[in-house]
Amino acid sequence: MGSPSHTVLEYVLLVVGSLIMAASFNSFLNPNHIASGGVAGMSTVVQHLTDIAPAITQWSLNIPILLLALWLLGQKFGIKAIVGSIVFPFCVLITSHIGELTQNPLLAALYGGIGVGLGLGIVFRGRGSTGGFGLAAQMLHKYSGLSLGMCVAIFDGLVILLSAFIFTPENALYGLIALFVTTKTIDIVQLGFNYAKVAFIISDHTEAIRKAILVDLDRGLTELNGAGGYTGESRTVMMVVVKQNEVIRLKTLVRSVDPQAFVIISETNEVLGEGFKHHA
């Protein structure tokens, strides 16, 4: 269990993130009729049809979803999901006076997506949630057997599809752009820009490559026990994590020692530990 100060910080992040999301919704997405999924997107559609304020629609949808989630999921979805379900619509209400900052739908989709992604990323950093269709997706996931990602996509997809009929197909396409930008921005907030690479190296010159990585590249490595799938012979697999700007140096070092070495390099989103990012 976290300290009281850490818990307070998490709630501060939830409120700050909700404010950023709400401001982006009111200044970019909603005025341009861009529904990029979620309860917020649904409130944009409802406002166009009935002139009901988005915050009212969001509360009207969030509360029944919360009660249903409490019944079907128990309390495991957390108190912060309950708080977020109330706070985010409130933030939408108090920022509703913000005028639209652009009438260009593409700019609105891009900047609205960035703002919503930034806000959601901050909420997630505080281990919070804004409830809504996120909880509905969890319920569908539990009782349908579908992956959680697929369940979230279903709800977002239905909102965007509905916007194509209520507004125009072009608006729905802008909604897809906003949703994509939101997803990528959340990744950046969660993981940062410092993507790393993980390399697996198989060579007959293990000792020489090990020395080159440890001394010349100044990186640690891990040796894994492997076996050839065809020959069954035991092989040593070296695993080393490097930063983006070290990839070329690593390949050059390995090639200089053993041009026939088998090297696999793939992207990894987050690395915690010495030489990389400190543990949170």
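Modeller: Two strands pair if DSSP finds at least two bridges between them. This is a predicted model, in which local features need pLDDT of at least 70 and side-chain atom pairs pLDDT 80 or more, while totals for chains, interfaces and linings use all residues. Residues are numbered from 1 along each chain as its sequence is written, and side-chain values use heavy atoms, without hydrogens and water.

Colleague: How many Å separate the centres of domain 1 and domain 2?
Modeller: The chain divides into domain 1 (4–191) and domain 2 (196–267), with bounds from an automatic or database domain assignment. Taken over C-alpha atoms, the centres of the two domains are separated by 44 Å.

Colleague: In what order do the 4 strands of the open sheet lie?
Modeller: Strands (E, at least two residues) and helices (H or I, at least four) are DSSP runs numbered from the N terminus. The edge strands, each pairing on one side only, are E2 (222–227) and E4 (262–268). The pairing is antiparallel, and the order is E2-E3-E1-E4.

Colleague: Which residue in E3 stands opposite Gly226?
Modeller: E2 and E3 (residues 234–243) run antiparallel, joined by 6 bridges. They form a hairpin with 6 residues between them, where Gly232 in the turn has a positive phi of about 75 degrees. Ala227 faces Ser234 in E3. Opposite Gly226 stands Arg235.

Colleague: How many bridges pair E1 and E3?
Modeller: Lys197 stands opposite Val242 in E3. The antiparallel pairing of E1 and E3 extends over 7 bridges.

Colleague: At what angle does helix H9 run to E3?
Modeller: H9 (residues 206–216) lies across E1 (196–202), E2 and E3; contact means heavy atoms within 4.5 Å. Axes are lines fitted to C-alpha atoms, for helices over the stretch in contact, and angles run from 0 to 180 degrees between N-to-C directions. The angle of H9 to E3 is about 15 degrees.

Colleague: Which element gives the largest share of the lining of the largest pocket?
Modeller: Of the 40 lining residues, those closest to the pocket centre are Gly38, Leu120, Thr130, Val152 and Asp156. Elements giving two or more residues include H1 (4–29), H5 (105–125) and H7 (148–166). A pocket is an open set of points on a 1 Å grid over the protein atoms alone, where a 1.4 Å probe fits, with protein on both sides within 12 Å along at least five of seven lines; lining residues have an atom within 4 Å of a point. The largest share, 7 residues, comes from H7.
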